[in-house]
Protein chains: 2
Amino acid sequence: MKLQAAIDRVSLGDAITLAHKLDGIADVIEFGTSLVKDYGLYMIKENPVNLKHSKLLLDLKTIDEGPYEFEKGFEANGDILTVMAGSSYDTISKIYDITEKQHKEMLIDLLEVDDDKIKEIANFDNAIYGLHHSKDAEGNFDAISATADFHQKFPAIKRVAVAGGIDFDQAKGLAEQGIADTVIVGGKIAGTDDPVKAATEFKEAMTI
Amino acid sequence: MKLQAAIDRVSLGDAITLAHKLDGIADVIEFGTSLVKDYGLYMIKENPVNLKHSKLLLDLKTIDEGPYEFEKGFEANGDILTVMAGSSYDTISKIYDITEKQHKEMLIDLLEVDDDKIKEIANFDNAIYGLHHSKDAEGNFDAISATADFHQKFPAIKRVAVAGGIDFDQAKGLAEQGIADTVIVGGKIAGTDDPVKAATEFKEAMTI
């Protein structure tokens with residue numbers, strides 16, 4: 001199971017410094033939506049992070065104008081870009097084709113969509129489907145049972161990523177469960193005093 | 001009825017130049033999502049457009065982390081910010097409160113949501129609800145009948161904006177219909193050889 005470490009709400013310089021430290025520890029390093037919207041894709045392109053081992057995910061959260069945003073996101077050195085599941089089918093379909101042609105990856109963020117919508121967009125074989133609990137939502141999120149439920153409903157979806165306040169225990173549980181392809185961790189890595197130590201411990205917790 | 005002129009997919013410098021030309025002609029000048037994601041809110045803040053007459057809408061298309069994005073958007077001189085109707089109720093509710101406290105405005109973009117979701121979020125009295133046909137979607141959009149349908153279903157929603165390939169005839173028809181508060185026009189103003197002339201003609205078409 002892969003570890004994705006999300007970096008958010010810091011300066012772009014600090015994000016790049018932290019990305020270099022986590023390079024090769026986290027499998028995927030995410031520049032969160034706050035970095036994209038605060039600094040913009042041109043600035044991210046002009047200050048390339050040049051990871052040696054990890055992949056760079058830019059959390060674009062595209063919801064319309066898919067081809068335009070994905071073109072800019074790949075130019076800004078994103079290996080993986082994100083689109084909202086709430087987008088039109090046409091948006092997702094068009095950028096899936098672009099992503100496949102460029103031999104890159106896309107993550108479809110399932111934030112706030114219902115099962116009918118997921119069924120409608122479940123046919124993109126190489127896409128990663130991201131179970132995602134809103135940062136603004138009240139209430140708790142049980143990542144392990146949510147992943148089990150999702151897999152039962154959509155067994156044909158092969159690549160599942162899970163995000164939403166995941167801690168060591170949940171990461172370990174998800175690894176043991178064996179469904180999720182990727183665990184996405186934000187503040188519990190990037191927000192700690194020693195993100196390298198935290199990421200290393202997450203990787204250890206996930207090794208079963 | 002107000003005219004909102006959307007500027008997209010140009011350099012920030014060109015967007016600012018065009019915004020100055022349209023200041024006082026269009027009631028609202030929109031910096032589209034492409035400008036937000038290409039240049040970022042910090043750059044937009046550092047290069048203030050300083051409109052004298054028109055309001056500035058920043059098309060953030062927020063879908064999560066609402067309080068953070070709206071704080072940054074208002075700091076970047078947005079008078080009106082946008083949130084996706086597909087966001088969680090908590091996201092919309094939190095930023096509605098922030099917007100009201102700052103005496104600013106928000107537009108809830110109804111892209112790709114169904115009537116049940118609209119019903120759930122129909123209680124934000126001062127928000128503008130934006131009927132919006134996806135740029136990526138195939139098929140045509142009849143703005144006038146879509147607005148009539150919407151008003152019949154949701155008569156309590158007072159402020160309605162309409163976007164999606166609207167031309168002079170549709171703008172005139174919407175003005176005559178008397179439901180929509182705002183018509184949003186993109187390429188048919190900003191993409192013409194003479195955007196000032198086009199915006200002036202839209203305003204004339206909308207004067208009944």
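Author: One term to begin with. Helices here are DSSP runs of H or I with at least four residues, and they are numbered from the N terminus. Also, this is a predicted model.

Reader: Chain B, interesting. How do helix 4 of chain A and helix 2 of chain B pack?
Author: Their axes are 11 Å apart, at an angle of about 5 degrees. Angles under 35 degrees count as roughly parallel. These two helices are therefore roughly parallel to each other.

Reader: Which residues meet there?
Author: From helix 4 of chain A, Tyr68(A), Glu69(A) and Lys72(A). From helix 2 of chain B, Thr33(B), Ser34(B), Lys37(B) and Asp38(B). By class, this contact has four charged residues, two polar and one nonpolar.

Reader: New topic. What do the strands of chain A form?
Author: A closed barrel of eight strands, in the order 1-2-3-4-5-6-7-8, with parallel pairing. Neighbouring strands are turned by 25 degrees against each other on average, ignoring direction.

Reader: Pick one pair. How many bridges join strand 7 to strand 8 of chain A?
Author: Three, and the two strands run parallel. Val162(A) has Val183(A) in strand 8 as its bridge partner. Helix 10 of chain A packs on the sheet and touches strand 1 and strand 8 of chain A. The direction of helix 10 makes about 155 degrees with that of strand 1.

Reader: What about helix 1 of chain A, which strands does it lie across?
Author: Strand 1 and strand 2 of chain A. Helix 1 runs at about 175 degrees to strand 2.

Reader: Single residues now. Where is Thr91(A)?
Author: In helix 5 of chain A. Thr91(A) is buried, with a relative accessible area of 0%. Its side chain makes a polar contact with the side chain of Ser88(A), at 2.9 Å. Beyond its neighbours within four places in sequence, Thr91(A) has contacts including Gly66(A), Val83(A), Ser134(B) and Asp136(B).

Reader: And Ser87(B), buried or exposed?
Author: Buried, because its relative accessible area is 0% and under 20% counts as buried. Ser87(B) is in the loop between strand 4 and helix 4 of chain B. Its side chain reaches the backbone oxygen of Met84(B) at 2.7 Å.

Reader: Last one. Where does Phe154(B) lie?
Author: In the loop between helix 6 and strand 7 of chain B. Phe154(B) is buried, with a relative accessible area of 6%. Leaving out neighbours within four places in sequence, Phe154(B) is in contact with Asp115(B), Ile118(B) and Lys119(B).

Key. Residues are numbered from 1 along each chain as its sequence is written. Chains are lettered from A and ligands numbered from 1 in the order in which they are written. This is a predicted model: local features need pLDDT of at least 70, side-chain atom pairs count only at pLDDT 80 or more; totals for chains, interfaces and linings use all residues. Side-chain values use heavy atoms; hydrogens and water are left out. Two strands pair if DSSP finds at least two bridges between them. Axes are lines fitted to C-alpha atoms, for helices over the stretch in contact, and angles run from 0 to 180 degrees between N-to-C directions. Contact means heavy atoms within 4.5 Å. Angles under 35 degrees count as roughly parallel, over 145 as roughly antiparallel, 65 to 115 as roughly perpendicular and the rest as oblique. Ala, Val, Leu, Ile, Met, Phe, Trp, Tyr, Cys and Pro count as nonpolar, Asp, Glu, Lys and Arg as charged, and the others, Gly among them, as polar. Buried means under 20% relative accessible area, exposed over 50%, partly exposed in between (1.4 Å probe, protein chains only). A polar contact is a pair of N or O atoms within 3.5 Å; within protein, one must be able to donate a hydrogen and the other to accept it, and residues adjacent in sequence count only if both atoms are side-chain atoms.
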